[in-house]
Every structure is written in C-alpha cells, then in structure tokens.
Amino acid sequence: MRWALRLCLAVGLLPAAWALPSYQEVRSDFRPSETWLLSREGEPLQRLRTDATVRRGSWTPLTDISPALRMALVLSEDQRFYAHSGVDWAAVTAAAWGNLWNTRTRGASTITMQLAGLLDEDWRQGGSGRSVTQKLGQAVAAQRLERSWRKDQILEAYLNLVPFRGEIVGIDALARSLFGKAPHGLDLQEAAIAAALVRAPNASAQRVAQRACGVWRDMLRAQAAKNSKNESAEPNCEGLEWQLGQLLQQRRWPASEGDAPHFARQWLQRVPDPSKPAELRTSLRADVQRLALRSLQQHLRELSGRNVEDGAVVVLDNASGEVLAWVGSSGSLSQAAEVDGVLARRQPGSTLKPFLYAQAIAEKRLTAASLIEDSSAQIRTANGLYIPQNYDRSFKGWVSARTALGASLNVPAVRTLVMVTPDAFFEQLQALGLRLPESGGYYGYSLALGSSEVTLLDLTNAYRALANQGRWQPVRWGSTPQPAAQQAVDAGAAFIVGDMLADRNARAMTFGLDSMLATRFWTAVKTGTSKDMRDNWVVGWSARYTVGVWVGNASGAAMHSVSGASGAAPVWAEVMGHLHANQASRAPQAPAGLVQQAVRYGSDPHTGMPLESARQEWFLPGTAQAEFRMERSSPGSATVGAGRILQPVSGSVLALDPDIPPNRQRVQLRARASTERESSQWRWRVAGDTVPAARRELGRGPEAQWLPWPGRHRIELLGADGKVLDSVQLEVRGAGVR
C-alpha cells in the first residue's frame with residue numbers, strides 16, 4: 001500500500017511538485033516589512049516599517065538562530081526531521097491508526113511538509129483543515145524539497161517563513177517583538193514558547209503556556225540524555241502563564257528605530273521604490289546626522305528649567321541641494337516627538353531681514369553703507385498706526401544698513417520695507433521658495449520682522465540661495481534631475497548681504513565681538529526670535545554648507561529668557577564647526593561688476609562723534625559713494641533748551657526684544673546742554689518709591705544707559721543742585737532682565 005500510494009502521488013502531483021522554488025529563489029524573494037535607511041556612506045541610520053500588512057524581520061541564517069530554538073522546534077514539530085526524506089511514514093501510520101480508533105496523536109505533518117505549504121498556497125491549510133488532495137500534494141512537494149534542498153536550508157527557511165502570532169511572521173520578528181532581542185539570544189524558556197506558538201499561533205496564554213512547559217521539559221530531558229545523565233531537571237513552569245500573558249500583549253519592537261525617523265518618512269515618500277528593498281541609501285552624512293542630534297539634545301538639557309524642549313536641525317549641501325542632516329525633534333526630551341520641526345510652520349522673526357535688505361540693495365534703494373534712521377517711528381496703515389520697536393527698546397540714531405542688519409535692528413528694517421513695499425517683498429520671498437499662506441498686504445509692515453510662518457527646510461534652502469549668488473533651486477531628493485536654477489536674488493546683492501552677515505563688527509552692537517555666531521572660518525549667519533520668545537532661529541552658511549536650527553516648543557508655548565543667541569546659536573556653531581573641522585571655508589569671490597571702495601561718515605549731530613568708522617564697502621555698479629553724512633540737526637533740536645531730555649521720548653512704550661541678550665538690552669538716555677561744564681554735573685535716575693535705592697541712580701552727564709525692567713517708569717534728569725530739570729514717562733513690556 002505504501003508503494004502504491006507513492007506511485008499515485010508521483011503520477012498525479014509531480015507537475016506541481018516540480019514547480020517549487022529553489023532555496024536561492026526563496027531567499028532572494030524574501031521581503032522584510034522593515035526598511036533600513038543608510039547614510040551616503042552605507043551606515044545604517046534608521047529602520048522604518050514599510051509593510052502594514054505583516055511584521056517580518058530580516059532573513060536570519062540558521063547559524064544566527066539560537067540552538068535552543070532549533071532543538072525546541074524539532075522536538076515539538078518533527079522529532080525525526082533529520083532521519084526522514086520529507087514524509088515521516090511512521091508518523092503517517094500512527095496518525096492513521098489513531099484516527100481509526102479515535103485517539104489523539106502528534107500528527108504526521110513534517111517540517112518539510114509545512115515548508116511546502118508555506119511556499120505554495122495550493123498546499124496550505126484552509127479554515128476547515130487540509131483536504132486529502134492537499135495532504136497528498138504536500139507530501140510530494142516535501143519529498144521534492146528534500147531532494148533539492150539541504151536539511152539546514154529547510155529548517156532555516158521554515159523558521160524565517162512560519163507565522164507565529166497575529167501579524168508576526170518569521171523568527172526575527174518574533175524574537176524582537178516578544179522578547180526584545182535577536183534570534184541568537186533566545187534561551188530555553190523563550191525557545192519553548194516560540195515552538196509552542198508554531199503549533200497554536202492564536203491560542204490563549206493558558207494553552208500556549210501548557211504546551212511551552214511540555215516542550216521545555218522535553219528539551220531538558222534531551223539535554224540530560226545527551227550528557228548521559230540519569231535524571232533531568234524539571235522546568236519551573238510556575239508563573240509561565242502570567243508571563244506569557246504579558247509577553248503576548250506587548251510589542252518590544254517599535255515600528256521606527258534610529259537617528260533619523262522624520263527624514264526616513266520623507267525620503268520614502270519622495271523617493272518611492274515599489275520593490276520595497278531591505279536597504280535604501282540616502283543623502284545623509286552619518287557623522288553630521290548623529291552630531292546634530294546629540295548637540296541638540298545636549299543643549300536642550302542645558303536649558304532645562306527655561307521651558308524649552310523641542311528643536312530641529314537641517315544641513316544642506318550648497319552645490320547639490322542634498323540634505324546632509326535632518327533632525328526633526330529632540331526625541332525623548334519632547335512630549336511631541338512625532339512632530340517634525342523641520343517641516344512645521346513657525347514665525348521666523350528676524351531671519352527674513354537678509355532677503356529684505358538684498359531686495360532693497362538690488363533695487364538700488366540702499367547700499368550697505370547707506371544711513372537709516374533708527375528712531376521712534378509711527379507708520380500709518382489701513383488698520384491704524386504701526387509703531388515698530390527694537391529688541392532693547394532703545395534707538396541708535398543714524399546707522400548704516402550694514403549695522404542695522406548685523407545688529408538686527410527692527411526699526412531700520414521696517415523703514416526699508418516701507419521703501420520696498422510689503423507686496424514686492426512678498427513676491428521676493430515667494431521666489432525664494434518661502435510659501436507664505438497669506439498675501440503681502442495681509443502681513444503689512446510686520447513682514448519685515450517675520451510675522452509670517454515658514455518651515456525650517458524652506459528657510460534654510462532660501463539662505464542656500466544667498467550662498468549660491470542668489471540662484472534658487474528646490475532641495476534635492478534622490479537621483480531625480482534638478483530643475484534649472486532661478487535667479488531669485490541679484491547676484492551682487494546676495495554677495496553684499498552675505499558680506500554684511502559675516503561682519504563681526506556689524507553685529508557687535510547687539511551680540512558683541514565674541515559670540516557663538518563668530519566662527520574661526522568664514523560664515524554668514526543670522527538669528528531670529530518670534531513674538532513672546534516662542535521660536536529661536538539661527539540660519540547661516542559657509543563656503544560649502546547651509547545650516548538651519550530652530551529651538552522652541554512644538555506646543556507653541558513661550559520659552560523663558562531664551563534668545564536666538566542662547567537658544568539655537570550653540571547648536572548651529574557646533575554643527576558648523578564639525579562640518580569644517582578638517583575643511584576650510586573661505587569668503588566667496590565677488591561677482592563681476594561689484595565695486596569696493598573706502599567710505600567715511602560724518603559726525604553725529606548730537607555728540608559730534610563720527611556716525612560710524614571708516615571702512616571698505618561693496619557697491620553695485622552706479623551706487624558707490626565715498627562719504628555719508630547728515631547735514632541737518634535732528635527734528636526738534638532747535639527748540640530744545642538746556643537741561644531737556646532728547647531721548648527717550650515721553651510716552652514711549654518699549655518692549656524687551658527676545659532676540660538680543662538681556663545684558664545688552666539698554667535704553668540710551670540723552671539730554672541737551674548749553675555747555676559741557678554744565679552737563680557734567682547732571683544726574684539721571686528712575687523715580688518711584690517702589691524702585692530699590694540701588695537701582696535708582698542711572699549715571700551722570702548728558703548721556704547714560706539704563707538696563708530696563710517691565711513696568712511703568714519715570715526717568716528724571718537732575719541738575720547740580722539736585723532739582724529735576726526734565727522727566728519723561730515710559731512703559732516697558734516683556735520679560736524681565738535679571
């Protein structure tokens with residue numbers, strides 16, 4: 001009967017058996033549900049689940065699978081696996097005899113037969129079990145596999161293809177999901193549980209525990225027999241059911257793991273691969289990505305207690321536009337780690353000013369040396385008066401455009417936008433890829449101070465255009481061809497603005513000469529802080545790279561005393577320093593046609609001192625000028641008598657600007673005197689009984705500086721006899737200065 005059965009099987013089912021794939025075909029066709037994204041150098045950076053229908057890990061060679069699991073599986077499923085040729089005829093006979101007498105047996109399906117069912121759906125078990133035809137076909141296929149595959153290949157393929165529980169398929173996914181370890185690390189108990197799940201993948205924890213305990217006992221007995229011991233240890237199955245209940249409920253294998261989760265999602269969306277390969281090479285530099293993440297997390301820890309927990313970093317290659325680093329959040333430090341800070345829309349603050357000055361210079365409305373008045377301004381709009389203020393609520397008088405941009409003065413920027421117009425500036429920002437949701441008229445003159453919303457990626461890429469002499473291109477993803485670059489900003493104006501942002505002297509008024517923005521190699525950089533200290537930005541470029549950093553809270557909550565210089569600048573400086581640790585960054589060459597010449601400045605009408613120091617300055621053709629001076633006195637000076645306060649103006653409302661370090665937020669006090677001798681005896685003070693005595697006295701002479709704090713104040717000018725010569729009332733708003 002056995003030989004007759006074999007003959008029938010061979011004749012009727014031989015064609016289907018010959019259709020089974022080879023071991024090499026099965027392994028090459030294997031597709032994990034996970035995709036590893038690699039750096040440009042080939043280093044693994046991020047694992048991301050890409051198949052939502054099944055959870056399948058990497059193909060695991062048999063040598064990397066725990067010996068305990070191999071033993072448990074053979075003892076549980078096919079004890080004569082290494083002896084039979086695909087069909088265990090002794091088990092078939094026992095099963096048939098058991099069915100005849102209605103007794104339970106182990107079953108006759110071998111590991112090889114089960115593998116045949118996994119390889120060909122024709123032999124798979126249905127909801128009501130396998131039919132006679134399926135069983136016969138599975139037996140023929142198993143014998144065919146045994147002739148063309150080795151035993152180790154059969155066992156290896158089976159362990160990688162067998163369903164365990166729910167969506168989990170293969171030993172790699174099971175080991176990582178249930179036990180949080182690789183397959184080679186499974187111990188005897190874990191191996192017994194895995195083998196029990198093969199027999200009953202969706203059984204209750206109680207049933208799986210009972211079967212696992214039996215498999216565990218068989219393993220201990222087999223070990224004792226192998227070691228020639230008369231007695232074998234008994235498994236400690238107490239509590240196994242409870243433990244199994246916990247294991248089956250949890251999932252220790254997260255869907256995403258690595259150093260670039262947000263970038264991985266964007267890369268898979270923008271560079272789709274229908275084959276879903278196990279590995280994808282990206283544009284990221286592994287060292288830069290890890291350094292940026294580590295620097296951001298470390299700096300945010302240092303800012304603990306200041307209500308700031310989120311941040312983002314992006315690094316672009318100036319020439320190619322490829323993303324070299326993309327840190328979307330601070331990870332475990334954030335309560336919204338899934339929010340991608342690189343793509344979140346936030347108010348950019350003063351980081352839009354470089355584009356405004358570039359446009360004004362390109363239109364020849366200004367030069368880098370042009371003087372702009374930094375004084376109280378009331379600009380009429382359709383909605384009433386717009387009164388811009390500087391960070392420190394003081395005014396610097398007449399300053400050059402270079403100083404106004406470098407020191408991030410707000411009032412000169414708004415005066416520049418009045419010349420350019422909000423609608424024209426809006427079009428300029430659009431050309432630079434900054435997709436503002438509203439029109440220029442909607443934002444009005446506040447657009448000069450960053451009242452719109454942009455993403456860190458778009459903003460950094462717009463700065464990259466300045467690094468590329470005004471030529472804008474979108475960020476490059478994969479090997480897709482890039483569109484031709486668009487001349488979004490005049491090349492000469494882009495160069496001049498870059499020279500202004502690289503000038504330490506220009507930003508010294510606000511940031512000092514030795515700040516985090518001052519690198520040992522050439523860089524051009526700008527800070528920005530949005531309203532109420534909700535966002536800190538630093539964006540800048542070197543000869544080869546553009547780096548953008550944002551620090552804040554994904555929730556939109558305000559930070560406590562964190563400015564661009566203290567929030568985002570340290571991260572920007574560390575990333576930029578790493579990029580140029582072994583690479584020089586030299587100032588770019590000026591485009592053809594630019595003119596460089598010496599300029600000098602006239603005297604301040606009030607003090608008689610030069611407005612600014614003489615220097616070499618860059619000009620567009622036809623705009624060069626050797627001398628800049630003011631021929632008239634400041635408004636109202638002719639009617640001001642001796643002992644009268646010129647600055648600040650009474651009734652001023654000052655707001656502390658979060659984009660400037662607190663110790664530099666000083667209000668300039670200035671009075672006019674008939675003679676120098678008379679004014680030398682003057683004293684300045686803050687009046688009020690609530691003001692501590694130590695803070696009342698502000699200085700002597702016709703000028704002084706005041707470090708303000710929130711509240712309503714009266715500033716008094718006292719003569720040599722102690723009598724009040726003049727006083728002004730003003731209000732200070734914002735965070736206090738400690």
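**Salt bridges and other contacts**

Modeller: Glu77 and Arg211 form a salt bridge, with their closest N and O atoms 3.9 Å apart. Keep in mind that this is a predicted model.

Biologist: Which helices do Glu77 and Arg211 sit in?

Modeller: Glu77 is in helix α3 (residues 67-77) and Arg211 is in helix α10, so the pair ties together parts that are 134 residues apart in sequence.

Biologist: And Glu77, buried or exposed?

Modeller: Glu77 is buried, at a relative accessible area of 7%. Arg211 is partly exposed, at 25%.

Biologist: How many salt bridges does the structure hold?

Modeller: It holds 33 salt bridges. One of them joins the side chains of Asp499 and Arg402, at 2.7 Å from N to O. Asp499 lies in helix α20 and Arg402 in helix α15 (residues 401-406), so that pair ties together parts 97 residues apart in sequence.

Biologist: How buried is Arg402?

Modeller: Arg402 has a relative accessible area of 3%, so it counts as buried. Asp499 is partly exposed, at 24%.

Biologist: Which residues are linked in a network with Arg402 and Asp499?

Modeller: Asp503, Glu612, Arg615 and Glu617 are linked with Arg402 and Asp499 in a network of salt bridges.

Biologist: What about Arg683, what does it form a salt bridge with?

Modeller: Arg683 forms a salt bridge with Glu697, with the closest N and O atoms 3.2 Å apart. Arg683 is in strand β25 (residues 683-687) and Glu697 is in strand β26 (residues 697-700), 14 residues apart. Glu697 is partly exposed, at 46% relative accessibility.

Biologist: Switching topic. How many disulfides are there?

Modeller: The structure holds 1 disulfide. It joins Cys213 to Cys237, with an S to S distance of 1.9 Å. Cys213 is in helix α10 (residues 205-226), and Cys237 is in the loop between α10 and α11 (240-249), 24 residues apart.

Biologist: Is that disulfide right-handed or left-handed, and why?

Modeller: The torsion about the S-S bond of Cys213 and Cys237 is about 95 degrees, so the disulfide is right-handed.

Biologist: Are the two cysteines buried or exposed?

Modeller: Cys213 counts as buried, at 13% relative accessibility. Cys237 is partly exposed, at 21%.

Biologist: Back to arginines. What is the nearest side chain of opposite charge to Arg165?

Modeller: Glu167, 11 Å away. Arg165 is buried yet has no salt bridge.

Biologist: What does the side chain of Arg165 reach, then?

Modeller: The backbone oxygen of Pro201, at 2.7 Å. Arg165 also touches other residues beyond four places away in sequence, including Leu197, Val208 and Leu248.

Biologist: Which strand is Arg165 found in?

Modeller: Strand β4. There is an open sheet of 3 strands in the order β3-β5-β4, with mixed pairing. Its edge strands are β3 (55-56) and β4 (163-165), each pairing on one side only.

Biologist: In what sense do β4 and β5 pair?

Modeller: Antiparallel, over 2 bridges, with β5 covering residues 168-169. Pro163 has Val169 in β5 as its bridge partner.

Biologist: Now Phe495. Where does Phe495 lie?

Modeller: In helix α20 (residues 491-501). Phe495 counts as buried, at 11% relative accessibility. Leaving out residues up to four places away in sequence, Phe495 touches Pro588, Gln589, Ala590, Pro591, Leu594 and Trp618.

Technical notes:
Residues numbered from 1 in each chain as written. Predicted model: local features only at pLDDT ≥ 70, side-chain atom pairs only at ≥ 80, totals over all residues. Heavy atoms only, no water. Disulfide = S-S within 2.5 Å. Helix = DSSP H or I, 4+ residues; strand = E, 2+ residues; numbered from the N terminus. Buried < 20%, exposed > 50% of the residue type's maximum accessible area, 1.4 Å probe, protein only. Pairing = 2+ DSSP bridges. Contact = heavy atoms within 4.5 Å. Lys, Arg positive; Asp, Glu negative; His and termini not counted. Salt bridge = Lys/Arg side-chain N within 4 Å of Asp/Glu carboxyl O. Polar contact = N/O pair within 3.5 Å; in protein donor to acceptor, adjacent residues only side chain to side chain.
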